[in-house]
Amino acid sequence: MRIPKSVAALATAAALTALASGCGTSQADVGKADGKQVTVRIPDPGNSGVLAVGKKDGSLDKALAKMHAKVEWTGSAGPFAPAAQAMNANQLDIATGSITSGITSLTQTPGFKFFTATVPDAAGEGILAKKGSGIDSVEDLIGKKVAVNQGGTGEYLLLKALAEHDIPASKVKRVYLRPDQTAAVFNSGKVDAWAVWATYSVAELGTDKAKFIVTGKQIGSDNYSLTAVRTAFADQHPDVVRALYDYLHTASAKEKRDPAAYLNVKTDAGPQALTGAAKQAQIGITRQGGTVEPVTQADVKRFQDVARFYAEQKVTEATVNIAAHVLDVEKLS
């Protein structure tokens with residue numbers, strides 16, 4: 001934002017570009033038919049979410065072992081744009097992100113396709129402002145500076161909120177920042193608001209010094225979270241992709257029922273851990289969230305509407321064809 005956004009951890013583009021840079025046929029491309037184990041390269045999930053649990057208890061490798069596959073955890077989960085570049089360069093096989101980031105990544109020469117969808121995060125994404133700042137509504141953003149990640153969830157949420165309130169985008173200054181660098185800028189007052197999602201919003205909400213002036217639900221956000229697979233990997237190992245989907249689907253349902261069990265997986269202390277009010281906020285957000293599902297035709301229509309909105313708002317030069325980059329995971333075996 002989608003694998004629930006609690007799965008995502010802080011990351012930088014540098015972490016992903018530091019992945020193995022081999023070209024040609026990789027170990028990930030060696031198939032079961034050759035009697036060799038298939039390696040699936042997935043960003044390290046950090047301290048929360050279904051993949052963090054799957055890594056810790058070995059359940060994901062156990063599920064994939066039936067397909068003679070195992071996971072190689074590499075880099076760190078984070079923004080989709082650098083992950084898409086890594087898939088295009090045959091450095092990564094699986095990545096997660098929002099449809100909004102996916103659309104901007106598809107404007108390049110994509111070497112990946114989407115195979116899961118999770119409904120938008122109704123409670124965890126929106127536009128944050130400081131309590132007592134005098135910014136209490138979308139209209140109050142006129143003439144203000146709002147931090148967003150360019151072409152991704154943040155820019156989409158801001159533009160969507162402005163459009164829903166008939167406010168020209170030019171009336172608000174967008175400040176493009178990397179999500180993992182924005183908290184300090186927001187808390188210093190150098191920006192007036194922050195369009196953001198749960199990975200970062202829960203920490204701010206947990207301080208009780210910030211609030212949502214509007215949530216994704218209130219503006220009709222279609223910011224679905226998606227899982228992408230490198231196209232060549234999916235072509236060569238459809239059974240592995242299906243097994244991964246089955247694991248994510250089942251595990252995300254368990255996470256929704258018992259969110260606390262999927263938090264602080266590696267450590268309950270330090271900057272990666274959620275404690276106190278922030279932890280409770282994340283638990284509430286996850287309980288209201290969705291589960292990992294196949295991408296339906298209805299989903300594709302929603303995604304196409306987002307692509308048209310991005311083109312209308314000049315985020316992209318043209319409307320991206322989403323349907324051409326979707327896999328029907330239920331037909332894979």
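**The open sheet**

Modeller: Three strands form an open sheet in the order β3-β10-β4, paired antiparallel; strands pair if DSSP finds at least two bridges between them, and strands (E, at least two residues) and helices (H or I, at least four) are DSSP runs numbered from the N terminus. This is a predicted model, where local features need pLDDT of at least 70, side-chain atom pairs count only at pLDDT 80 or more, and totals for chains, interfaces and linings use all residues. Residues are numbered from 1 along each chain as its sequence is written, and side-chain values use heavy atoms, without hydrogens and water.

Colleague: Which strands are the edge strands?

Modeller: β3 (94-98) and β4 are, since each pairs on one side only. β3 and β10 (residues 225-230) pair over five bridges, and Ile94 has Val229 of β10 as its bridge partner.

Colleague: At what angle do helices α2 and α10 pack?

Modeller: Axes are lines fitted to C-alpha atoms, for helices over the stretch in contact, and angles run from 0 to 180 degrees between N-to-C directions. Helix α2 (residues 50-57) and helix α10 (residues 238-257) pack at about 105°, with axes 9 Å apart. The two are therefore roughly perpendicular, a term for 65 to 115 degrees.

Colleague: Is Asp121 buried or exposed?

Modeller: Buried means under 20% relative accessible area, exposed over 50%, partly exposed in between (1.4 Å probe, protein chains only). Asp121 counts as buried because its relative accessibility is 6%. Asp121 lies in the loop between β4 (112-118) and β5 (126-130).

Definitions and conventions
Angles under 35 degrees count as roughly parallel, over 145 as roughly antiparallel, 65 to 115 as roughly perpendicular and the rest as oblique.
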